[in-house]
Amino acid sequence: MGCSRIGSTRVAIVVALTTILASCTSLPRSGPDHKDVDRDAAVKVTTKERRVGIDYALIDLSKNVLPYFSAPQPTSFKGFGGGRGGAPEIPLGYGDVVEVAIFEAQSGGLFIPSDAGSRPGNYISLPSQTIDRNGTITIPYAGRVPAAGRLKETVEQDVEDRLASRAIEPQVVITTTTSRSSQVAVLGDVNNPQRVEISPAGERVLDVISAAGGLTTNNIETNVTLQRRGKTATVAYNTLLKNPAENIYVAPDDTISIDHERRTYLMLGAAGTSGRFDFEESDLTLGEAIAKAGGLRDDRADPAQVLLYRLVPKKTVEAMHVDATRFAGETVPVIVRANLRDPATLFAAQQFKMEDKDIIYISNSDSVELVKFLDIVNSVSSTVSGVADDANDTRNAVNDLGN
């Protein structure tokens, strides 16, 4: 009789607790409940294909979505040109210092006197001069000759044409002694930031970085930004090493900035350790990122509700045949949900690439919420005479339910 009464009491307690928990929204949590995440998603690409809400897209991690998240979409230096072929020709520019030598076919001409037959070569060298603000150089009997922005060979031919009617078959050779206009600024995380002069042989991006003393940071977290005539692009330093097509020739007045970017992600919720974690000198997958934070807590985590938060380019979402018209801007807030109770998902998690500033949230299991409620009931009723036994019965009922 007594046992029957206790059994009935336990059943009644379990039913009452289930009812209370189903309607209770005030229990403490470390983050959003997975039911709220599922209900409020603007777009969901899930196994059930449900679509509700307005704010974000919810995507279940599976082999079908892995190709769309295989790697970030970097910018490229290819749009600047100069990736293949020979070095580009470098024109003369403002501030360059040049020497001009003028040859004549025989003595007795405009520049070579008649008694100069014994001298080695029929030529004279004009004093070094700087291409002025007007972009010109001065040649006796030829006047002011435009030079800035023109190839050396073009300027030589222009001088020869101007002297043709006065000198004897003139030939002109221009030599650049100081090329102040053909320099590239290398700034940022290099050992010796400086302006690097470009030679006629041509220098590529990695060449000028090496000339500036090389990097002061590790390769994998270093980005290279190229600015040229109002156009800017950024690529990872490792991309320059692995893809020769990105290691293009630099051009005069280019600015190359080397920046170390600390790559981190946040781990929240029922993980072994919560906080901000560095990628350090390696790329991480979702599985590795979870392991780096100590994995999932056995006493709290719901392995079916591992959520990764990321801003994804709209074109990537559209490529998955998802209607992204309701999202403004070029990115879509996306939650990628991984069900680690499914053994196959562990393989997908080990292929899913993490990106800088990702957020991983691991939800609490429903049983944790029940334990929280019991702790509250116990703390409230512990001062009431005779209620301690009821709390004992409640815990035993929960244990019986689990069994």
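This report describes selected strands, aromatic contacts and backbone features of a predicted model.

## Basis of the model

The model is predicted, so that local features need pLDDT of at least 70 and side-chain atom pairs count only at pLDDT 80 or more, while totals for chains, interfaces and linings use all residues. Residues are numbered from 1 along each chain as its sequence is written, and side-chain values use heavy atoms, with hydrogens and water left out.

## An open sheet

Helices (H or I, at least four residues) and strands (E, at least two) are DSSP runs, numbered from the N terminus. Two strands are paired if DSSP finds at least two bridges between them. An open sheet of 5 strands has the order E10-E9-E13-E11-E12, with mixed pairing. Strand E10 (194-197) and strand E12 (231-236) are at the edges; each has a single partner strand, so one side of each lacks a neighbour in the sheet. On average, and with direction ignored, neighbouring strands of this sheet are turned by 20° against each other. The axes behind this angle are lines fitted to C-alpha atoms, for helices over the stretch in contact, and angles run from 0 to 180 degrees between N-to-C directions.

Strand E11 (residues 222-228) is joined to E12 by 6 bridges, and the two run antiparallel. Within this pairing, Arg228 stands opposite Lys231 in E12.

## Aromatic pairs

Rings of Phe, Tyr and Trp (its six-membered ring) pair if their centres lie within 6.5 Å; planes under 30 degrees apart count as stacked, over 60 as edge-to-face and the rest as tilted. The count by this rule is 6 aromatic pairs. One of them joins Phe77 and Phe80, edge-to-face, at 6.2 Å centre to centre and 70° between the planes. Buried means under 20% relative accessible area, exposed over 50%, and partly exposed in between (1.4 Å probe, protein chains only). Phe77 is buried at 0%, and Phe80 is buried at 14%.

The rings of Tyr265 and Phe277 form a stacked pair, because their centres are 5.6 Å apart and their planes stand at 20°. This pair links distant parts of the chain, with Tyr265 in strand E14 (residues 264-269) and Phe277 in strand E15 (residues 275-278), 12 residues apart. Both Tyr265 and Phe277 are buried. Together with Phe279, Tyr265 and Phe277 form one aromatic cluster.

## Charges over rings

A charge sits over a ring if NZ of Lys or CZ of Arg is within 6 Å of the ring centre and within 35 degrees of the ring normal. Lys231 lies over the face of Phe80, 4.9 Å from the ring centre. This is the Lys231 that stands opposite Arg228. The charged end of Arg204 is placed over the ring of Tyr249, at 4.0 Å from its centre.

Most residues other than glycine have a negative phi. Tyr141, which is not a glycine, has a positive phi of about 70°. Tyr141 is in the loop between strand E6 (136-139) and strand E7 (143-146), and is partly exposed at 48% relative accessible area. His321 also has a positive phi, near 65°, in a residue other than glycine. The loop between H7 and strand E17 (331-338) holds His321, which is exposed at 70% relative accessibility.

Helix H7 (residues 314-319) contains Glu318, a residue that is partly exposed at 42% relative accessibility. Glu318 and Val332 are separated by 14 residues in sequence and by 10.0 Å in space, C-alpha to C-alpha.
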